[in-house]
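Visitor: I've got a model to look at and a few naming questions. Could you walk me through it?

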Amino acid sequence: MKFGEKLKSFFSAKPAVCEELLEDLCDLLIEGDFGASEAYKTVELLKERCKKGGSPLQILAGLLKEELNSAKPAPDISTGGLTAILLLGVNGVGKTTTAAKLCSFFSAQYNKKTILAAADTFRAAAIDQLKIHGQKLNVRVIAHKQGGDPAAVVYDALEAAYSGGIDIVIADTAGRMHTKSALVEELRKIDRVVEAKAADASYLKYLVLDATTGRNAYAQAEIFHNAVSLDGVILTKYDSTAKGGVVFSLACGLGLPVAYICTGEKYTDIEIFNPQKFIEEFTGIE
Ligand SMILES: Nc1nc2c(ncn2[C@@H]2O[C@H](COP(=O)(O)OP(=O)(O)OP(=O)(O)O)[C@@H](O)[C@H]2O)c(=O)[nH]1
Ligand SMILES: [Mg+2]
């Protein structure tokens with residue numbers, strides 16, 4: 001059952017606001033991947049606002065909207081000038097697939113020219129995987145040998161973008177556990193290279209998060225954000241989960257917006273995150 005349907009049937013079974021409803025709602029929100037403190041805070045606010053009357057579910061939807069608004073808005077990619085996008089994240093979350101999806105999306109939506117930087121020089125098949133996407137999408141892939149310096153790949157990709165009239169460079173990086181400090185240090189090096197080489201570009205660091213990992217996604221975001229100061233997250237595999245409460249925690253707890261949401265393996269399964277639509281699905285309100 002979709003989380004929104006659960007929430008809707010919860011409120012239709014308990015239409016009046018009472019202590020029992022509020023306690024059970026707190027549990028339900030946690031089940032939907034809210035953090036305990038956000039769930040509690042949300043329920044306390046709901047209790048306050050319901051004193052003036054109105055539908056608790058509608059009031060909850062309004063509160064959730066405020067929570068999402070506490071994150072800075074996701075940057076607009078459709079403007080001019082070079083944009084460099086670095087995709088980060090732990091193993092298997094969908095970084096490489098998302099890099100390819102973004103190329104296809106930017107081309108279709110804004111007629112932007114992209115190139116891919118194969119900055120995952122760690123995993124044996126990673127470079128070929130990206131090259132295959134590049135061939136299918138007719139997008140140039142800048143790659144070095146396996147085991148090379150990922151920062152050097154990103155440097156070359158930026159150089160190629162400046163000389164080749166490219167609008168957006170998308171760098172796919174190696175999956176790394178957020179707990180491994182050497183790999184996080186490597187990210188800092190890539191970060192310094194982009195800052196230096198593309199000082200005039202808009203530079204966006206997106207953490208790719210697998211929506212099915214629930215609360216663990218929040219822990220990942222916290223560590224990556226502390227290491228390299230993220231601009232937002234891209235939520236993948238949203239087709240495979242009925243939850244999504246972690247999005248509210250990312251906004252409230254870390255001020256991080258969701259920039260894009262992915263709902264499948266095809267190149268077209270990506271869209272700009274729409275807070276209103278997300279809340280409608282999350283709460284089951286049409
Ligand atoms: N259902 C679904 N599957 C996805 C989505 N995004 C990626 N995948 C799948 O997830 C798997 C891993 O995707 P990759 O793009 O290789 O992930 P990665 O983060 O680059 O993995 P590493 O490079 O090994 O760290 C693939 O089978 C993808 O097809 C999505 O939005 N929905
Ligand atoms: Mg990959």
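Visitor: What makes arginine 123 a polar contact of ligand 1?

Guide: A polar side-chain atom of arginine 123 lies 3.3 Å from an oxygen atom of ligand 1. A polar contact is a pair of N or O atoms within 3.5 Å, so this pair counts. Glutamine 129 has a polar side-chain atom 3.1 Å from a ligand 1 oxygen, and for glycine 264 a backbone N or O atom sits 3.2 Å from one. Before you ask: this is a predicted model, where local features need pLDDT of at least 70, side-chain atom pairs count only at pLDDT 80 or more, and totals for chains, interfaces and linings use all residues. Residues are numbered from 1 along each chain as written, chains are lettered from A and ligands numbered from 1 in written order, and side-chain values use heavy atoms, leaving out hydrogens and water.

Visitor: Which residues come nearest to ligand 1?

Guide: Lys95, Thr96, Thr97, Asp239 and Glu265, of the 20 around ligand 1; near means a heavy atom within 4 Å.

Visitor: Why is the pair of phenylalanine 3 and phenylalanine 282 called tilted?

Guide: Rings of Phe, Tyr and Trp (its six-membered ring) pair if their centres lie within 6.5 Å; planes under 30 degrees apart are stacked, over 60 edge-to-face, the rest tilted. By this rule there are 15 aromatic pairs. Here the centres are 4.7 Å apart and the planes at 35 degrees, so the pair is tilted.

Methods: Polar contact = N/O pair within 3.5 Å; in protein donor to acceptor, adjacent residues only side chain to side chain.
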